[in-house]
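Student: I have a model open and would like to learn how to read its side-chain contacts. Can we go through them together?

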Amino acid sequence: MSLIQLIHVDYSIGGPLLLEQVDLSIEPNERVCIVGRNGAGKSTLLKLIAGEIHPDDGEIRVQGGTRIARLTQEVPQGTAGSVFDVVAEGLGELGHLLARYHHLLAEGDFDALGDVQSQIEAQNAWDLDARVQRIVEELELPETADFADLSGGMKRRVLMGQALVRAPDLLLLDEPTNHLDIEAIAWLEDFLKNFGGSIIFITHDRSFLRSLATRIVEIDRGNVTSWPGDYENYLRRREERLHAESQANALFDKKLAQEEVWIRQGIKARRTRNEGRVRALKDLRNERSERREVTGTAKITLANAQSGGRKVVDAKHVTQAYGGRTLLRDLSTTIMRGDRVGIIGPNGAGKSTLLKILLGELKPQEGEVTLGTGLEIAYFDQHRSTLDDSLNALDNVAEGREYIELNGTRKHIIGYLQDFLFSPERARAPITRLSGGERNRLLLAKLFAQPSNLLVMDEPTNDLDIETLELLEELLGEYSGTLLLVSHDRAFIDNVVSSTLVLEGDGVVGEYIGGYNDWVRQRPAAAAAMARASKAQLPATSTPAPAPAKRKLSFKEQRELDLLPEKLETLEKDIATRTDAMNAPGYFQQDNAVIVRNNEAIAKLQAELDAAYKRWEELENG
């Protein structure tokens with residue numbers, strides 16, 4: 001039986017409906033990812049499911065006894081106290097009572113302690129105290145630490161504990177990877193895979209999405225559609241749907257244009273005019289006026305400066321310590337013109353310090369850094385400090401200019417901002433009214449209007465929707481200058497950089513060819529080589545061991561490999577057919593038991609498909 005059902009739900013915040021005639025069911029043990037452009041209504045849908053807001057029309061049914069917990073994008077204002085206090089707050093008044101008990105116990109105030117203990121016993125709440133303790137241990141939280149002193153990533157983990165302590169059947173997560181480093185994201189993935197309830201989450205992190213989601217729910221122009229299976233299946237099916245929609249719209253527009261020509265014909269034609277045809281034309285006009293076009297894609301252009309010297313940065317034997325901790329130890333590296341370098345490391349490891357040293361903004365305590373000639377640097381700041389909140393979007397980018405020069409082309413500032421999906425009205429709005437994604441797009445617009453040959457990007461992916469991320473990747477791929485990128489987005493790193501500098505702890509900075517996954521592949525080999533060198537008391541080398549020879553397949557295995565492509569194709573077609581049936585009008589109006597059986601059948605087929613692909617990879621690799 002469904003945990004929650006949305007039936008013909010409408011919701012508006014002015015203008016066209018943000019969500020229109022939404023039919024959606026969430027089943028037990030699902031992990032559903034909601035995707036869509038910035039402003040499409042993803043967070044609004046989560047709030048509707050959580051019961052924080054109510055639909056304008058339609059119905060939301062929640063199965064009796066279903067507990068729902070929601071983790072928001074930002075840390076709620078006023079969150080304070082110890083880690084135990086904040087986690088226990090998820091239990092409401094009983095949580096406050098348990099927190100008071102632990103404070104009195106720590107202070108040794110046994111007179112007041114007895115009264116609180118009696119209240120806990122009267123409400124049989126000791127099992128809840130044990131639950132809080134268990135959550136704190138499972139999430140590896142510092143129980144007595146002050147919440148205000150924690151890093152952004154650890155605060156998110158504490159708030160996750162606050163949601164989990166309610167023992168929810170349905171967990172709602174809005175951009176849970178924001179402000180987390182790669183290690184924390186990997187931990188969160190593993191934790192959520194083992195979570196016993198259902199999860200609905202919003203994320204722009206494609207690696208996280210691919211690893212976790214068992215179903216994709218898309219919001220597009222108010223319509224909500226469900227796509228069982230993995231993210232790759234969703235991408236294929238979405239492209240097919242958009243292509244079919246584009247063709248249907250073209251045929252419709254052609255017919256409308258023909259009818260408009262007919263209605264404007266001369267007096268002779270008007271005498272024999274068919275009134276039914278006139279009424280049909282009115283219907284066509286109404287239908288065309290109500291069509292909601294696909295949201296535009298940003299048309300990002302980057303202003304290139306003339307090339308500087310061949311050598312961009314040359315760092316020799318750099319050492320930097322802070323607060324008694326060595327962040328960089330004897331680092332030597334050379335960055336050449338055209339290099340695309342990713343900087344990876346945990347929060348607080350020293351990535352920003354490394355950037356400042358490489359850019360010459362901070363003189364290292366030991367060693368030296370030499371910058372190349374003719375450098376023109378453009379800097380994307382994750383804190384968006386280069387935006388002036390007292391100005392609107394237009395004035396932030398224009399800086400008194402009416403036109404922007406882009407690689408020899410002159411463009412009006414309003415047209416330039418429209419390329420970044422800012423309407424003239426939105427461009428003149430105070431930036432305090434812009435969403436996180438809009439502020440990031442505005443910062444990109446400001447940054448890319450500045451000619452550069454060295455582009456420095458510190459966490460550029462936060463709050464950007466996936467379509468804009470992919471466009472940014474494409475743009476950076478065509479950038480002729482040098483790129484320094486700090487990011488926790490594994491897919492973005494893989495798609496953009498050609499080498500990585502990894503802060504590996506105790507001041508060690510490893511240098512690797514390739515992106516994130518290349519580093520992961522090289523890291524075990526490097527560690528093993530270092531261990532062997534340490535035992536032999538020889539200098540360590542990061543040269544990986546030669547790959548083992550590929551095993552020859554048996555006759556039976558070769559036969560299995562030959563048949564797998566046909567099996568994969570059959571499974572994919574079956575999943576696609578069933579998915580189309582689920583997107584048909586009226587699908588969710590049938591008996592709930594039928595819907596559950598269909599969901600289970602698709603999940604089984606998807607598991608079969610995943611296993612087949614895994615087996616194919618095993619046989620291919622010998």
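**Reading side-chain contacts**

Tutor: Let's start with Y516, which counts as buried at 12% relative accessibility. Buried means under 20% relative accessible area, exposed over 50%, and partly exposed in between (1.4 Å probe, protein chains only). One caution: this is a predicted model, where local features need pLDDT of at least 70, side-chain atom pairs count only at pLDDT 80 or more, and totals for chains, interfaces and linings use all residues. Residues are numbered from 1 along each chain as its sequence is written, and side-chain values use heavy atoms, with hydrogens and water left out.

Student: How many aromatic pairs are there in the whole structure?

Tutor: Rings of Phe, Tyr and Trp (its six-membered ring) pair if their centres lie within 6.5 Å; planes under 30 degrees apart count as stacked, over 60 as edge-to-face and the rest as tilted. A search of the whole structure finds four such pairs. One of them is W187 with F191, stacked because the ring centres are 5.3 Å apart and the planes sit at 20 degrees. Y516 and W519 make an edge-to-face pair, with 5.7 Å between centres and 65 degrees between planes.

Student: Where do Y516 and W519 sit in the chain?

Tutor: Helices (H or I, at least four residues) and strands (E, at least two) are DSSP runs, numbered from the N terminus. Y516 and W519 are in helix α19 (residues 516–536), and being three residues apart puts about one helical turn between them. W519 is buried too, at 9% relative accessible area.

Student: Which residue lies over the face of W187?

Tutor: A charge sits over a ring if NZ of Lys or CZ of Arg is within 6 Å of the ring centre and within 35 degrees of the ring normal. Here R157 lies over the face of W187, 4.0 Å from the ring centre.

Student: And what does the salt bridge count come to?

Tutor: A salt bridge is a side-chain nitrogen of Lys or Arg within 4 Å of a carboxyl oxygen of Asp or Glu. By that rule the count is 17. In one of them, R206 meets E473 at 2.5 Å, N to O. R206 belongs to helix α8 and E473 to helix α17 (residues 466–478), so this bridge ties together parts 267 residues apart in sequence. Both R206 and E473 are buried.
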